[in-house]
Amino acid sequence: MLLLLGLLLTVIAMPTSRKKDEKTAELFESSGEDALAEKTELEAKLEALLGSAEGVGKVQVLLMTGQDTETKGFYASGDTKVTGVLISAEGADDPVTVQNIQQAVMALFQVEAHKIKVMKMK
C-alpha cells in the first residue's frame with residue numbers, strides 16, 4: 001500500500017517538474033540569443049564608464065537582472081533589479097583596479113560584493 005502511494009506521488013510530481021523545465025527552456029529560447037547579441041543601455045553605459053577609469057583598459061560587462069518582488073503596503077514592486085554583474089577587463093590583473101571596479105558597481109547598483117565577478121580579459 002505504501003509502495004503504491006509512493007509511486008502515485010512520484011507520478012504526480014513528475015509533470016510539474018517538466019513544466020518548470022519547459023518554461024525555463026522557453027525563457028532562454030525567447031530571450032537568449034537576442035539578449036546576448038545586443039548590449040543593454042545600462043551595460044553600454046557601465047562599459048563606457050569603467051573603460052574611462054584609470055587602469056581598467058578595455059572592458060566588457062554582463063548584467064543579470066531579476067524582478068524586485070519587495071512588497072510595499074498592498075502593492076508589489078515589479079521593478080527590474082540588477083542581481084549580478086560579470087566584468088571582463090584588461091586591467092583586472094591589478095587587485096586595486098579590481099577593487100575599484102567592484103566598489104563602483106556596488107555603489108551604482110546596490111549589489112553585494114559576492115555578486116560581482118571581475119575577470120582578466122585576454
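This is a predicted model: local features need pLDDT of at least 70, side-chain atom pairs count only at pLDDT 80 or more; totals for chains, interfaces and linings use all residues.
Let me begin with the two helices, where α2 passes α3 in a right-handed crossing, a crossing being right-handed if the near helix is turned clockwise from the far one by less than a right angle, and left-handed if anticlockwise. The contact is made by L42, L46, L49 and L50 of α2 together with I101, A104, V105, L108 and F109 of α3, contact meaning heavy atoms within 4.5 Å. By class, that contact has nine nonpolar, no polar and no charged residues, where Ala, Val, Leu, Ile, Met, Phe, Trp, Tyr, Cys and Pro count as nonpolar, Asp, Glu, Lys and Arg as charged, and the others, Gly among them, as polar.

Residues are numbered from 1 along each chain as its sequence is written, and side-chain values use heavy atoms, with hydrogens and water left out.

The axes of α2 and α3 are 12 Å apart and the helices pack at an angle of about 140°, axes being lines fitted to C-alpha atoms, for helices over the stretch in contact, with angles from 0 to 180 degrees between N-to-C directions. The two helices are therefore oblique to each other, since angles under 35 degrees count as roughly parallel, over 145 as roughly antiparallel, 65 to 115 as roughly perpendicular and the rest as oblique.

Turning to the sheet, its three strands form an open arrangement in the order β1-β4-β5, with mixed pairing; strands here are DSSP runs of E, at least two residues, and helices runs of H or I, at least four, numbered from the N terminus, and two strands pair if DSSP finds at least two bridges between them. Because β1 (59-67) and β5 (116-120) stand at the edges with a single partner strand each, one side of each is left without a neighbour in the sheet. Strands β1 and β4 (residues 80-89) run antiparallel and are joined by nine bridges, with L63 standing opposite V85 in β4.

Helix α2 (residues 41-51) lies across β1 and β4, at about 140° to β1, and helix α3 (residues 95-109) packs on the sheet, touching β1, β4 and β5.

Finally, which residues does L50 touch, not counting those up to four places away in sequence? They are V56, V59, V61, I87, I101 and A104, and L50 counts as buried at 4% relative accessibility, buried meaning under 20% relative accessible area, exposed over 50% and partly exposed in between, with a 1.4 Å probe and protein chains only.
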